[in-house]
Amino acid sequence: AVVTAKMEGFVKHSNLLIGDYVSQGQVLTVLETPRLIMLQEDFLTVKNQIVFLQQEFDRQTKLSLEDVGAKKNLQKIASELQTAKVRMASLEKQLQFIGLNPN
């Protein structure tokens, strides 16, 4: 059989040799990858950015309703918020693909 990893990395540990029998669910090797840490960092950064952008969007919406702020600011924040949400959804899928729960 051929075994592939869902993410590139360096083999940190493996007790198996070619031809060894394995059982379903058995750990074949342990991989290390700095990309996983960067992926998690990106996810948490975007998650925090969404909180800020949502608050700013709410402020700009209130100002726009009172005709105090420029509509341009509201549109810009709305666009940034939507972009951040798309980025977060993408990062969530990437984490789920490699078997991690984004929560």
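Tutor: Let's start with a definition: helices are DSSP runs of H or I with at least four residues, strands are runs of E with at least two, and they are numbered from the N terminus. What you're looking at is a predicted model, in which local features need pLDDT of at least 70, side-chain atom pairs count only at pLDDT 80 or more, and totals for chains, interfaces and linings use all residues. Residues are numbered from 1 along each chain as its sequence is written, and side-chain values use heavy atoms, leaving out hydrogens and water.

Student: How far apart are the end C-alpha atoms of helix 1?

Tutor: Work out what to expect: 1.5 Å times one less than the number of residues. Helix 1 has 32 residues, so it should span 46 Å. The model agrees, because its end C-alpha atoms are separated by 46 Å.

Student: Is Gln54 buried, partly exposed or exposed?

Tutor: Buried means under 20% relative accessible area, exposed over 50%, and partly exposed in between (1.4 Å probe, protein chains only). Gln54 has 26%, so this residue counts as partly exposed.

Student: And Gln60, buried or exposed?

Tutor: Gln60 sits in helix 1 too. Its relative accessibility is 10%, so Gln60 is buried.

Student: Which residues is Gln60 in contact with, leaving aside its neighbours within four places in sequence?

Tutor: Contact means heavy atoms within 4.5 Å. With those neighbours left aside, the list for Gln60 is Ala70, Asn73, Leu74 and Ile77.

Student: What do the buried residues of helix 1 pack against?

Tutor: Those buried residues include Phe43, Ile50, Glu56 and Ser64. Take Ile50: beyond its neighbours within four places in sequence, it touches Leu81, Ala84, Lys85 and Met88. The buried residues of helix 1 pack against helix 2.
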